[in-house]
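Welcome, and thanks for opening the viewer. Let's take a short walk together, one selection at a time.

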Amino acid sequence: MRILAIETSCDETAMAIIEDVNFRPHIISNVVASQMAVHAESGGVIPNIAARLHTEALPHVLKEVTQNKKLDYDAIAVTAGPGLIGCLLIGMSAAKALALASGKPFFAINHLEGHVYSAWLGEEIPELPALIVIVSGGHTELVLMDRHLHYKHLGHTRDDAAGEAFDKVARLLGLGYPGGPKVAELAKHGKRDAYKFPIGIMEKDSMEFSFSGIKASVAHLISQLPQPLAQHTKADIAASFEHVVAETIARKTLTAMRYYPGIKSVCLVGGVSANTYLRKHLEQAVKTATPEIQYIVPPFEFCTDNAAMIGAAAVYHHLFGKPDDWRNVEVDPNRELV
Ligand code: KG4
Ligand code: ZN
């Protein structure tokens, strides 16, 4: 089955056509139209502007993903939440219109489930049971997946998400939007041990996260330093911050691995999984603890928001679940991964 997937939950207007081949998602076509340049000027995503830009971009993206109607599809999938409500509504309306006009099967997909299934878009796919580490702009969660479409929540952030911490620290350092990649770039030139920031939630065996303390301690440090900050000082702060975030994520992941020794793979997904230092740091921690475990990170292009991951999740709903009736589906900005 070829599935047209639509993703408009935040600031990327994305569509993809994905096919199931040998029980795996196979990408036929993939388009991401980013609004990044517009939002960079205002220093962050302004929801009603993002929604308007989705409306403008959708017809062009649809034309491009179908190669001007040369590529057909058998079903439609769309992100139903979590995300910005105005943005979700644009993608949902388009998907419902296509379903109404064509009568094709329809799949409403959770955005976080899309991130989970981005781990199935690389050459090697995860073995189950898998421990999924979701680190995005809005969420930080540890999830155990013992079979397809089934998620056991082990821990989540009590305050800021990992990506949110990157974005806030970028702002403190005057780096602008999008924060994560800018902090990562600067961190390459800094010392990882220049400053010691606190690891969030130290209670023994806790799988919960907290990043607001790290951010507050970066803000406090900056307020104590002579202004304006020297470039090498900013780089040291970025590198030390990146290290403590990676170390926090690694420690929680290792705790989960100890709790669930039957885990066959660890997957790092979500926008922050594009962070090279985190990818390597977590791999080293996981492989040192359990050398035979499989460690999966999606190819870079599927870490941040895209529709291929929504299509990949829809492939498994087609294989192991069932389609949704689009008449009964509503967008939900706080939709939970269940
Ligand atoms: O998954 P995503 O594209 O959107 C949400 O679902 O939230 O994640 C976006 C987040 C942003 O906070 C962004 O700063 C962060 O991912 N991010 C990064 C990197 N690339 C994107 N954080 C750290 N390093 C990166 N290279
Ligand atoms: Zn996302």
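## Two helices to begin with

H5 and H6 are roughly perpendicular to each other (the class for angles of 65 to 115 degrees; under 35 is roughly parallel, over 145 roughly antiparallel, and the rest oblique). This is a predicted model, in which local features need pLDDT of at least 70 and side-chain atom pairs count only at pLDDT 80 or more, while totals for chains, interfaces and linings use all residues. Residues are numbered from 1 along each chain as its sequence is written, chains are lettered from A and ligands numbered from 1 in the order in which they are written, and side-chain values use heavy atoms, with hydrogens and water left out.

Select residues 162–172 for helix H5 and residues 179–187 for helix H6: they pack at an angle of about 65 degrees, with axes 7 Å apart. Axes here are lines fitted to C-alpha atoms, for helices over the stretch in contact, and angles run from 0 to 180 degrees between N-to-C directions. Helices (H or I, at least four residues) and strands (E, at least two) are DSSP runs, numbered from the N terminus.

Now show side chains. Phe166, Asp167 and Ala170 of H5 meet Gly179, Gly180 and Val183 of H6, where contact means heavy atoms within 4.5 Å. These contact residues divide into 3 nonpolar, 2 polar and 1 charged. Ala, Val, Leu, Ile, Met, Phe, Trp, Tyr, Cys and Pro count as nonpolar, Asp, Glu, Lys and Arg as charged, and the others, Gly among them, as polar.

## A second crossing

Next, select helix H4 (residues 111–118) and helix H10 (residues 308–320), whose axes come within 7 Å and cross at roughly 90 degrees. H4 is therefore roughly perpendicular to H10. Among the residues making the contact are His111 and Tyr117 of H4, and Met309 and Tyr316 of H10. The contact of H4 with H10 divides into 6 nonpolar, 5 polar and 1 charged residues.

## One alanine

Is Ala95 buried or exposed? Select Ala95 in helix H3 (residues 85–102): Ala95 is buried, with a relative accessible area of 0%. Buried means under 20%, exposed over 50%, and partly exposed in between (1.4 Å probe, protein chains only). Leaving aside residues up to four places away in sequence, Ala95 touches Ile6, Ile76, Val78 and Phe106. The C-alpha atoms of Ala95 and Ile76 are 6.6 Å apart.

## Zoom out

Finally, show the whole chain, with its 10 helices and 10 strands. Its C-alpha trace spans about 60 × 45 × 30 Å along the principal axes.
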